[in-house]
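Biologist: I would like to learn how to read charged pairs and confidence in a model. Can you walk me through a case?

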Amino acid sequence: MNPTAAANAFFPGTLAVAVSPGRPYVNAKDDVVSLPAVTKNELEPLLPRVACGDASAVRECVVRYGGLVHSLARRFMKNESDIEDACQDIFLALWKNASAYDATVAGEATFVAMISRRRMIDRLRSRREWVEEERAPVAASDPDALERHIDARIAYKSLEGCSEEQRNVVLLSASGYSHSEISESMSIPLGTVKSHYKRAIERVQNALLNQRGSS
Amino acid sequence: MKYDSDEISEAALLLATTKSAALPKSLEAELLKSADEFGSEVRFSTTKGAAVGMDNVIPMARARAKTPTWVWGAWAAAAAVIFVGVHSWKGAASTQAKLAAPVVEPSEWKLVNGAREAVATVARADGARKGTLAVLVPLRGPSRYQIWVSPSDREGAVSVGYFQCPESCKGQSFPLTLPIEPIRSLWLTQSDGVSSSLKDELTVLATGN
């Protein structure tokens, strides 16, 4: 799918969270924000225990984050065999780098998503050929993800103040596209992509920092 | 591993736009098998408390196979020179020399607080080591006690166990797996959750030597 078309399909002029019936709705035009109150993820982090050599925590990681890692891998790859290999690769990287997790910087699920994204991009780029169909498409927000992961909610909500083009750029970048690829697909100069990215990512960073500072 | 706020922000956005589905059972079984293998092979780093996978360890057989013959010759020559040197030195200093006593680990370490009260002990028993709590205060909520040991100073401390103490845990024992010998220093800390390194901000309740 053309990434720009994909992005526009999900942001047709407004920032709309895909909501289930009865769930509040967000519309950037009206600047109405009525997401449910932010709640802390009550689950105790596993990675510090993994870093301490707790074998049971290593298993719990699979149970807790297996679905997320698999879903993330599916966004980058289509072949089921490749996805399974990638999941093994991601979990190994996660366990080995467990001591790098810092709860004051990000939620654990965000750290898992970061490791997953990094490993997937590395795997795809190492092939020297990134098949179009295998690229991570820009997707609509997932209501469950927004409700379960505070970082996800804060980050996504912070895009409300961005222009449509800025949002598309940063979401495409989050999905694994390089700036030059975004420039090509959106038919805008590379410098513009970079400035859009900078503005949008700063908003997200500030929102996450504020949230961390207040919690 | 390093990461910056750009990467964290993008990961949060990726998370926001990813619908998490259930993991297929067959893949879950494979991942759990890998988890068991990793868990059984995990080793403590003696510096930062990080878990290190066995694939970071170079098997000796492989290392030997790659060693050229001339290297062994060089090692043998170096060993001969060292032997002669040490022999000469021992001869010169024979009247003064005394064999250093081997390092003997104590059978018990006491962890004392600032008021010099023993709040916990770590003792060797039946070849293993176990801890016995003395007068620890019960902890509420997510707070945990954590035991650290080091062959040297605080920089080299590794976590060897953590435990909750919701009620009185006086006199209770808990198993410890100590990856370091000999142990020079011990710490008892309290924090909300489990830490992977003995950071400065951790509250040290008691220390032992």
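**Salt bridges and confidence**

Modeller: Counted over all chains, there are 14 salt bridges. The rule asks for a side-chain nitrogen of Lys or Arg within 4 Å of a carboxyl oxygen of Asp or Glu. This is a predicted model, where local features need pLDDT of at least 70, side-chain atom pairs count only at pLDDT 80 or more, and totals for chains, interfaces and linings use all residues. Residues are numbered from 1 along each chain as its sequence is written, chains are lettered from A and ligands numbered from 1 in the order in which they are written, and side-chain values use heavy atoms, with hydrogens and water left out.

Biologist: How far apart are the closest N and O atoms of A:Glu80 and A:Arg74?

Modeller: They are 3.2 Å apart, and the pair forms a salt bridge. Next, look at cover. Buried means under 20% relative accessible area, exposed means over 50%, and partly exposed lies in between (1.4 Å probe, protein chains only). A:Glu80 is partly exposed at 32%. A:Arg74 is partly exposed too, at 42%.

Biologist: Which residue forms a salt bridge with A:Asp89?

Modeller: A:Arg119 does, with the closest N and O atoms 3.0 Å apart. Helices (H or I, at least four residues) and strands (E, at least two) are DSSP runs, numbered from the N terminus. A:Asp89 sits in helix H4 (residues 80-96) of chain A and A:Arg119 in helix H5 (residues 108-126) of chain A, so the pair ties together parts that are 30 residues apart in sequence. A:Asp89 is buried at 18% relative accessibility. A:Arg119 is partly exposed at 24%.

Biologist: And between chains: which residue of chain B pairs with A:Arg117?

Modeller: B:Glu10 forms that salt bridge, with the closest N and O atoms 3.0 Å apart. A:Arg117 lies in helix H5 of chain A and B:Glu10 in helix H1 (residues 5-16) of chain B, so the pair joins two chains. A:Arg117 is buried, with a relative accessible area of 9%. B:Glu10 is buried as well, at 6%.

Biologist: Which residues do shared partners join into one network?

Modeller: Salt bridges that share partners link A:Asp89, A:Arg119, A:Asp122 and A:Arg123.

Biologist: Now confidence. What is the average pLDDT of chain A?

Modeller: pLDDT is the predictor's confidence in each residue, from 0 to 100. Chain A averages 76, and 73% of its residues score at least 70.

Biologist: How many helices and strands does chain A have?

Modeller: Ten helices and zero strands. Of its 215 residues, 52% count as buried. Take its contacts between residues at least 6 apart in sequence: 67% join residues at least 24 apart.

Biologist: One backbone case. What is phi of A:Ser187?

Modeller: Near 55 degrees, a positive value in a residue other than glycine. A:Ser187 lies in the loop between helix H9 (179-186) and helix H10 (190-214) of chain A. A:Ser187 is exposed, with a relative accessible area of 64%.

Key
Contact means heavy atoms within 4.5 Å.
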